[in-house]
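Let's take a walk through this structure together, starting with a pair of helices and then moving on to a sheet. Keep the 3D view open as you read.

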Amino acid sequence: MFEYKTELEKKIARSVMKVEKPARYIGGELNAIRKPDDEVSMRVAFAFPDMYEIGMSNLGIQILYKVLNDIPDVQCERVYAPDVDFEAIMRDDDIPLYTLETKRAVQESDIFAISVGYEMLVTNVLNMIDLAGMEVYAKDRKETDPFIIMGGPCTYNPEPLAEFADAFSIGEGEEVWPEIMEKLREWKASGAPKIEFLKSLCEIEGMYVPGFYEFEYNEDGTIREIRKLYDKAPDHIEKRIIQDMDSAPFPTEPVVPFMSTVHDRAVVEIFRGCTRGCRFCQAGMIYRPVRERSMEKIREIVEEQLKATGYEELSILSLSTGDYSRVEDLVTDLMQLCRDNDVSMSLPSLRLDSFSFKVMDEIQGYKKSGLTFAVEAGSQRLRNVINKDITEEHIYSASRQAFELGWHSIKLYFMAGLPGETDEDLAGIADIARNIMNIYKEVNGKIGRLSIHVSVSNFVPKPHTPFQWFPQDTDEEFSRKHELVKNLIKPMKCVRLSYHDSQTSYLEGVLARGDRRMCKTLVEAVRLGCKFDGWREHFDYDKWMQAFENTRVDPDFYARRAWGYDEILPWDLIGTGVDKEFYLRENEKAHRGEITKDCREGCQMCGVNTVFIC
Amino acid sequence: MKFLVKWTKEGDMRYISHLDIMRLFQRAIKRKGIRMKYTEGYSPHPKMSIAQPLSLGYTSVGEYFEFESLEDMDPELVRELLDSAMPEGIRMDSCSVLRETKKAVGALITAGDYHVGIRMEDPEGYRKIREAARWFMEQPSVTVQKVQKKSGKIKEIDIRQKVRELEIQQQEGYLLLSLKVDTGSQSNLNPEVLLEKLRERAELSGGDMETMIERVEMYAESAEGTEIPLYFLK
């Protein structure tokens, strides 16, 4: 009755009943892979540095879990950030960060991989390294510690994490991870010191070993020079992609969680990249070029996934479903497949045309959820500045059609703090809501059940976008803008407004364009107790500001400064395939309010086709 | 066709909640291509229920769930299919066909067997627990206070009446309590409540002992008025 395989398993078993949601910490889910110990020669602990229910919803981890476990003698195991209640027990009872598959200490792995999905996870990254019993600075870690390799969209500017990672994998991981494992195999056989493995990683495209580079700064704080410390380290690290989506590995037997997670459903990625070129959008730039998966392959994946999981819902994933070249055929086909299997379907980001109304009417029936428009800016002028291709005529005609078909709920997404934004643009947000309200009145005769939800997020300039040089609004300015919109919307009782926290957006902006000098600030922030910064109940702005002060780093230098075109940017070592000159041209066009067409209508010369096949 | 499946919940699966197990079963049934019957109405859900939810953290070798399929199937095949769809720690022991009554089998449950393991550093503690248990069984009534979920009022409950059998055996490294207690919607006793009372009587604290609770079997009243294990129900 009281038997456990290991001392660590015993400690875990005794602890998890004392915490919320023990299912987060025990593994053993359907389709989780556990190989016999004697078949395993390399172990990778793969972490997503957020709660289990968030991390389990991350498709990237599920893909790489498959890629790594497809190698016969590699065991890839999952790790997520323990919630604060479990962390406290772990620290008291000396339970190190462990993997869910074999409940081994992360420190016993060969590689500790961390996927950094967004900026607000950086303190969790450090906290997890510490919980694993390792030094956070790479230079302080032992020869016996695992290599820490980071990746994920946030590492397109790896510098704020540069002193903590042994290496970064830039771009898509499907092809690069097997190459890393081959280098690891050779290195393990050689018995050479750790540095030799890191040197060998420089032979793999897309691998960035930050310890082989040194940054020098000018008096004014800008970067003077990036110097290589190892001559065979690459001058420029171009991201990796998979060129062919049909032959690329994709999970057909994903791990099915016991507890409900954020995206608890079957999911198939239909394409990567986006051709629209919205100037604020980092995903639209870093995931170029567009690569579609064939309808046949999509169907095959869905069939296998449903069979292997028993999921009751299917979702399709991409940056913009409506842009799939055969979207109508695909959706019709998948809807039939779902009907045959008693599976419901969710279709994000469809374009609102007559076809999609027909589809939504069918899949939602009488339970109509809201329609969503990503309008982004309150005037045509400003939408031209950010190159967002949506017109008010379209929004209004689609709304009218929706109301006629029995919809009552509309969601509108906007941003505040965009380049060149004026108060009139913000007032335009309320105008659009009012016009939609009036259309509803025309259709239904009264306001009745109408509900309009206006969501305003704060613009955060991101690296590798045309707006990467732009000074972000202050949090006071964000708050003023929120108030302005709020007061204009207040008289309309059917309109609900929500907006993002300005201080969180500010910190996100600071971290997004940070450099290596910020590493010590992160360590200080963790020391002061910052973690789960993306969670409102945990985010502590004052502690963060204290951390900047204690380490004499000025956050405004990163977020609120107009960066110069001629400056060396912290992320200049990293290439996305898109030329820096393209971003510069796009930024100039934004100033002039000129749009750039969707590149399906003609190449806009972003440069990605000189590196990859478009 | 309506099936009654007896199943076990062991190892780490004891940390999986009732609702999560429901979802696991629904997905397993779906994966194995068994088409379930759904309820009618605005939001249809599969006709399936787990008898007498087990507390989080308990293991069990005597769990039951029932569900209705659209097509008739061999119950042994159903058991095999579901068993092959389960994660480590959950096994499908047996499956039988039920007459399609309206009432859920879970509602017929009257009693349950439990094993409670107690481990202590100090062997003196074992003697104290044995004594407390003897005292308990000798009393005509032992009351505990329970806070009512809805009203928040405190209610006195006689737990002695709910304990039908209590045996104690010293095992290698732990003390084993075998219990038969009232279980079900009419009268129910969570073994943890009894344990708490014994602990209090023995003047021990929760920190002094490590406990494991396992459900062994559940019973219902048969047509003849005798209590029979649930798997005998037709």
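Helices H4(A) and H5(A) cross in a left-handed sense. Please bear in mind that this is a predicted model. To find the pair, look for residues 84–92 of chain A, which form H4, and residues 122–131 of chain A, which form H5. Their axes come within 12 Å and cross at roughly 30 degrees. Angles under 35 degrees count as roughly parallel, and H4(A) and H5(A) are therefore described as roughly parallel to each other.

Which residues make the contact? From H4(A) come Glu87(A), Met90(A) and Arg91(A), while H5(A) brings Asn127(A), Asp130(A) and Leu131(A). Sorted by class, the contact of H4(A) with H5(A) has three charged residues, two nonpolar and one polar.

Now turn to the sheet. This open sheet has four strands of chain A, in the order S15-S16-S17-S18, with parallel pairing. Strands S15 (371–376) and S18 (495–499) of chain A stand at the edges; each has a single partner strand, so one side of each is left without a neighbour in the sheet. On average, neighbouring strands of this sheet are turned by 20 degrees against each other, direction ignored.

You can pick out Ala416(A), which stands opposite Asn458(A) in S17(A).

Finally, find helix H15 (residues 475–489) of chain A, which packs on the sheet and touches S16, S17 and S18 of chain A. The direction of H15 makes about 175 degrees with that of S18(A).

Definitions and conventions:
Residues are numbered from 1 along each chain as its sequence is written. Chains are lettered from A and ligands numbered from 1 in the order in which they are written. This is a predicted model: local features need pLDDT of at least 70, side-chain atom pairs count only at pLDDT 80 or more; totals for chains, interfaces and linings use all residues. Side-chain values use heavy atoms; hydrogens and water are left out. Axes are lines fitted to C-alpha atoms, for helices over the stretch in contact, and angles run from 0 to 180 degrees between N-to-C directions. Helices (H or I, at least four residues) and strands (E, at least two) are DSSP runs, numbered from the N terminus. Angles under 35 degrees count as roughly parallel, over 145 as roughly antiparallel, 65 to 115 as roughly perpendicular and the rest as oblique. A crossing is left-handed if the near helix is turned anticlockwise from the far one by less than a right angle, and right-handed if clockwise. Contact means heavy atoms within 4.5 Å. Ala, Val, Leu, Ile, Met, Phe, Trp, Tyr, Cys and Pro count as nonpolar, Asp, Glu, Lys and Arg as charged, and the others, Gly among them, as polar. Two strands pair if DSSP finds at least two bridges between them.
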